[in-house]
Amino acid sequence: MEASLMAVLNKAEGRLVAETELDALAGLGEDEAIELEARVRRARDKAVGQYRRPASAAVAEHAARGMAYPENQRARARAEAFERALARASHRVAVLAKESAASLRKERLDVARAAKRGGRAWPGGEEMVPRQRRKGPEVTPEPTGERALRSAARERQRAETLSQGARKQAKRDSKR
């Protein structure tokens with residue numbers, strides 16, 4: 001991190017920001033990275049609040065943002081340091097979450113494949129009842145009832161009728 005941004009932080013804040021350096025983040029697990037991200041987010045929120053409150057008061061005092069800008073350089077630098085640290089921590093959490101999701105997905109697919117092959121994939125899996133044959137009436141080849149009324153051809157016909165009516169109405173309305 002830039003030395004100018006680190007210079008505005010006290011020791012505790014400097015240690016927190018140092019925990020978000022890439023080499024320090026590499027050794028963290030998902031839970032530790034999430035906890036670090038939460039700590040950095042709280043520190044960032046505090047620094048941003050401490051920057052914005054005096055900045056908005058200075059604008060009212062000077063009647064211009066440009067004139068108030070130089071007065072709050074240190075608070076702005078602190079806020080920026082924490083923004084960058086939060087970005088690094090959030091990126092690490094996202095990478096770890098993506099890896100975890102891929103791992104869980106692979107595990108879930110392996111369980112499903114094992115169950116499909118007939119292996120015992122979960123507790124009680126071998127006690128499952130096999131799929132039963134359908135006992136109901138056979139499906140008729142031609143649609144009946146509501147199914148007969150909702151085919152693609154019928155929907156096109158219904159839409160065409162509606163559009164013809166709309167065109168006729170528009171023609172009548174334009175003559176008025």
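Helix 2 and helix 6 are roughly parallel to each other, a label given to angles under 35 degrees, while those over 145 count as roughly antiparallel, 65 to 115 as roughly perpendicular and the rest as oblique. Their axes cross at roughly 30° and come within 9 Å; axes here are lines fitted to C-alpha atoms, for helices over the stretch in contact, and angles run from 0 to 180 degrees between N-to-C directions. On the helix 2 side, the contact (heavy atoms within 4.5 Å) is made by E13, L16 and V17, and on the helix 6 side by R78, F82, A85 and R88.

The model is predicted, so local features need pLDDT of at least 70 and side-chain atom pairs count only at pLDDT 80 or more, whereas totals for chains, interfaces and linings use all residues. Residues are numbered from 1 along each chain as its sequence is written, and side-chain values use heavy atoms, with hydrogens and water left out.

Stepping back to the whole protein, there are eight helices and zero strands; both are DSSP runs numbered from the N terminus, with helices being H or I of at least four residues and strands E of at least two. Of the 176 residues, 20% are buried, meaning under 20% relative accessible area, with exposed being over 50% and partly exposed in between (1.4 Å probe, protein chains only). The accessible surface comes to about 13,800 Å², and 55% of this belongs to carbon and sulfur atoms; such areas come from the Shrake-Rupley method with a 1.4 Å probe, and for residues only the protein chains shown count as cover. Among contacts between residues at least 6 apart in sequence, 64% join residues at least 24 apart.

Helix 6 has another partner in helix 4. These two pack at an angle of about 155°, with their axes 8 Å apart, and are therefore roughly antiparallel to each other. Helix 4 passes helix 6 in a left-handed crossing, in which the near helix is turned anticlockwise from the far one by less than a right angle (clockwise would be right-handed).

R78, found in helix 6, counts as buried because its relative accessibility is 11%. Beyond its neighbours within four places in sequence, R78 is in contact with V8, L9, E13, A47 and Q50. T20 lies in the loop between helix 2 and helix 3 (22-26) and is buried, with a relative accessible area of 0%. Not counting residues up to four places away in sequence, T20 touches L25, L36, V40, A85, R88 and A89. The C-alpha atoms of T20 and V40 are separated by 8.7 Å, although the two are 20 residues apart along the chain.
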